[in-house]
Amino acid sequence: MPQQGQPQDVLAPPATAAIFLVVTVRPGGEDAVRGLLPDIAGLTRAVGFRSPEDGLSCVTGLGAHLWDRLYGPPRPRGLHPFRALAGAVHTAVSTPGDLLFHLRARRPDLCFELARQLMSRLAGHADVADEVHGFRYFDERDLLGFVDGTESPSGPDAVAAVRVGGEDPAFTGASYVVVQKYVHDMRGWNALPVEAQELAMGREKLSDIELPDERKPSNSHVALNTIVDADGTQHQIVRDNMPFGSIGADEFGTYFIGYAGDVGVIETMLEKMFIGDPPGNHDRILDFSTAVTGGLFFVPTADFLDDPSPRLALASAAAAAGPPPPPDDGPVGDGSVGDGSLGIGSLRRNGTS
């Protein structure tokens, strides 16, 4: 078995600028993608060399259907199309996406130039399905006025949260990532008194201190995003969310991006937010924030991007020894805007309960 490869820059330091590119690959564009993947690190170094102190990085994720087109079965164990969730009131949609490029730096021009170079390589073979330019807003706050990402782990805890381990030995060191673009009803939100906003979030607005349990509503964002096993073990993810906005379009929002070694942790969070815990007790934030995209991607290690053959061979050997169940892409659910979505009745909790 190969040693754990060098992970991509999933845990890069917080940046002040980001571009999130979700790309669909046209039929016949597979060779262009195969040719690009080993060159992404070099392109990033070339662009970033102009200002190395500004920390340009790029994380590349692959969607389930593109994986099938590039490599065939077996997929990494947790890779499937994003599963739409249709609650009684709110819906987490599933939208098309074959590639995710998460570009970060302390200067937006570095992100812009790298995005331009990547898409130049894919010209005529792929299309941008969604493009969001994010920015840091004051003291790490989102446009709702609250500090974002407080509960993201750091140090060894962050490494443990985002890395695939021995449960899928062919892909140790890799990660999964879920992205959603949320558009806020700023007028409705700003009409709420600060105390009502704090109850919806589960935190004090100014201090960022979590509300005590006796004051924190069960439908607060904090309460529904806390995943704890029956034995008391808490499961965490690493977020690197960014605000975005357009004054002219009157569009303001948060781009959610969550990394995990076990994608089931994020799926359980979303189930609790959109379906509710118990069902019907949905996340109060969703009354002011609408998810307009949804995608799930596998983030292979850097050595895989350079040469996938050793890990693909290991995955094939493991599958031959004991074939896993076929990928559960599920039927198209009510919340689907793409394909491969799944209704709540079929959502599996992957190691989180």
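A: In the hairpin of S11 and S12, four residues sit between the strands, and Asp250 takes a positive phi near 55°. The model is predicted, so local features need pLDDT of at least 70 and side-chain atom pairs count only at pLDDT 80 or more, while totals for chains, interfaces and linings use all residues. Residues are numbered from 1 along each chain as its sequence is written, and side-chain values use heavy atoms, with hydrogens and water left out.

Strand S11 covers residues 242-246 and strand S12 covers residues 251-260. They pair in the antiparallel sense over five bridges. Two strands pair if DSSP finds at least two bridges between them. Helices (H or I, at least four residues) and strands (E, at least two) are DSSP runs, numbered from the N terminus.

Now the aromatic pairs. The whole structure holds 13 of them. Phe20 and Tyr255 form one that is stacked, at 4.1 Å centre to centre and 15° between the planes. Phe20 lies in strand S1 (residues 17-25) and Tyr255 in strand S12, so the pair ties together parts that are 235 residues apart in sequence. Rings of Phe, Tyr and Trp (its six-membered ring) pair if their centres lie within 6.5 Å; planes under 30 degrees apart count as stacked, over 60 as edge-to-face and the rest as tilted. Phe20 counts as buried at 0% relative accessibility. Tyr255 counts as buried at 0% too. Buried means under 20% relative accessible area, exposed over 50%, and partly exposed in between (1.4 Å probe, protein chains only).

H5 spans residues 155-162, and Ala158, Ala161 and Val162 are buried in it. Seen down the axis of H5, its buried residues fall within an arc of 80°, so they line one face of the helix. The arc is that of the directions from the helix axis to the C-beta atoms. Pro156 and Ala160 are exposed on the other side of H5.

Asp130 pairs with Lys181, the closest N and O atoms being 3.7 Å apart. Asp130 lies in strand S6 (residues 126-135) and Lys181 in strand S7, so the pair ties together parts that are 51 residues apart in sequence. Both Asp130 and Lys181 are buried. A salt bridge is a side-chain nitrogen of Lys or Arg within 4 Å of a carboxyl oxygen of Asp or Glu. A search of the whole structure finds 25 of them.

Next, the loop between S6 and H5. Glu151 is found there. Glu151 is partly exposed, with a relative accessible area of 39%. A polar contact of 2.6 Å joins its side chain to that of Arg203. Such a contact is a pair of N or O atoms within 3.5 Å; within protein, one must be able to donate a hydrogen and the other to accept it, and residues adjacent in sequence count only if both atoms are side-chain atoms. Leaving aside neighbours within four places in sequence, Glu151 is in contact with Arg203, Glu210 and Gln236. Contact means heavy atoms within 4.5 Å. The C-alpha atoms of Glu151 and Thr226 are separated by 9.3 Å, although these residues are 75 residues apart along the chain.

Arg203 has a further partner. Glu210 forms a salt bridge with Arg203, with the closest N and O atoms 4.0 Å apart. Arg203 counts as buried at 6% relative accessibility, whereas Glu210 is partly exposed at 32%. Salt bridges that share partners join Glu151, Arg203, Asp208, Glu210, Asp213 and Lys216 into one network.
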